[in-house]
Amino acid sequence: MAPPPGRQAAPPRHSTAVKCIATVLLALIILTGLTVLIIWLAVQPKKLRYSIEHGSIDGYNLTNDGHLNATFKFVIRANNPNRRISLYYDRIDVTVSYEDQNLAVGHFHPFYQPRRNVTHLEVEVVAEEAAVYGAVARDLRMEKKSGDVDLDLKIRAKIRLKIGVFKIHRKLKVNCGPLTVPFSSSKGFERVFCDVDIDD
């Protein structure tokens with residue numbers, strides 16, 4: 001039935017409700033974006049930096065049947081340049097590999113890194129009867145004769161970024177290499193900077 005002359009039909013109630021919900025959602029999105037922007041501007045996060053300051057190998061022994069025993073020693077420099085972000089390292093795994101084959105894996109105790117802090121971590125990763133065969137074993141024997149070996153070191157850590165009262169969980173990936181590591185601790189080592197990536 002048509003409305004009486006001079007009166008207009010009222011808009012459907014569900015249409016008004018949808019418009020209201022859409023307006024509220026849009027306002028929340030804009031507010032959230034502004035909040036994130038303000039926090040970012042206030043915090044001004046800087047990228048974490050890692051480097052390998054020293055490396056050496058002790059107790060190296062590669063048997064004729066392709067089993068490796070060795071202790072890989074490294075000094076890792078962890079630099080947190082942020083003025084308003086500190087870090088909790090909840091779990092740290094370090095892997096030493098050669099020609100894409102893992103030789104040793106180590107796990108290290110959690111620690112806390114304050115703001116604007118540089119921490120030096122002395123780590124030892126031990127290979128015990130690690131199986132290496134074929135070309136990998138042959139190349140390792142050749143590099144042993146040369147006095148040093150090119151290794152890759154990977155750090156995987158579960159971290160929490162502390163910003164004020166907030167803590168944000170993240171996964172840290174640090175790739176360092178190739179590292180030219182001497183078999184003798186008395187031989188020089190050249191500092192190597194690492195690639196850093198942080199995921200959700």
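Trainee: How many salt bridges does the count come to?

Mentor: Look for a side-chain nitrogen of Lys or Arg within 4 Å of a carboxyl oxygen of Asp or Glu. By this rule the count comes to nine salt bridges. Before we go on, this is a predicted model, where local features need pLDDT of at least 70, side-chain atom pairs count only at pLDDT 80 or more, and totals for chains, interfaces and linings use all residues. Residues are numbered from 1 along each chain as its sequence is written, and side-chain values use heavy atoms, leaving out hydrogens and water.

Trainee: What does Lys187 pair with?

Mentor: Lys187 forms a salt bridge with Asp148, with the closest N and O atoms 3.3 Å apart. Lys187 lies in the loop between S8 and S9 and Asp148 in strand S7, so this pair ties together parts 39 residues apart in sequence. Lys187 has a relative accessible area of 36%, so it is partly exposed.

Trainee: Which side chain meets Lys173?

Mentor: That of Asp199, in a salt bridge of 3.3 Å, N to O. Lys173 lies in strand S8 and Asp199 in strand S10, so parts 26 residues apart in sequence are tied together. Lys173 is partly exposed at 34%, and Asp199 is partly exposed at 25%. Asp58, Lys73 and Glu124 are also linked, in a network of salt bridges.

Trainee: How many disulfides are there by the rule?

Mentor: A disulfide is a covalent bond between the sulfur atoms of two cysteines. The rule asks for a pair of cysteine sulfur atoms within 2.5 Å. Here the count comes to one disulfide. Cys176 and Cys194 form it, with their sulfur atoms 2.1 Å apart. Cys176 lies in strand S8 and Cys194 in the loop between strand S9 (192-193) and strand S10 (195-199), so the pair ties together parts 18 residues apart in sequence. The torsion about their S-S bond is about 105 degrees, so the disulfide is right-handed.

Trainee: Are Cys176 and Cys194 buried or exposed?

Mentor: Both Cys176 and Cys194 are buried. Cys20, at 48% relative accessibility, is partly exposed.

Trainee: Which residues touch the most other members of the largest nonpolar core?

Mentor: In soluble globular proteins, nonpolar side chains tend to be buried together. A nonpolar core is a set of buried Ala, Val, Leu, Ile, Met, Phe, Trp, Tyr and Cys residues joined through side-chain atoms within 4.5 Å. The largest one has 48 residues, and Leu68, Phe72 and Tyr89 touch the most other members. Among the elements that give two or more residues to this core are strand S1 (49-62), strand S2 (67-80) and helix H2 (134-146). S7 gives the most, with eight residues.

Trainee: What does Leu68 touch?

Mentor: Contact means heavy atoms within 4.5 Å. Leaving out residues up to four places away in sequence, Leu68 touches several residues, including Tyr60, Leu62, Leu103, Ala127 and Val132.

Trainee: Which residues form the nonpolar patch on the surface?

Mentor: Patches are made of residues with over 30% relative accessible area and no salt bridge: like charges are joined within 9 Å, nonpolar side chains (Val, Leu, Ile, Met, Phe, Trp, Tyr) within 5 Å. Here Ile21, Val24, Leu25, Leu28 and Leu31 form one, with about 480 Å² of accessible area together (Shrake-Rupley method, 1.4 Å probe; for residues, only the protein chains shown count as cover). Ile21 is in helix H1 (residues 13-43). Ile21 is exposed, at 52%.

Trainee: Which bond joins Gly177 and Pro178?

Mentor: Most residues other than glycine have a negative phi, and most peptide bonds are trans. Gly177 and Pro178 are joined by a cis peptide bond, with omega about 5 degrees. Pro178 is in strand S8 (residues 166-182). Glu99 has a positive phi of about 50 degrees although it is not a glycine. Glu99 is in the loop between strand S3 (85-98) and strand S4 (101-108).

Terms used:
Helices (H or I, at least four residues) and strands (E, at least two) are DSSP runs, numbered from the N terminus. Buried means under 20% relative accessible area, exposed over 50%, partly exposed in between (1.4 Å probe, protein chains only).
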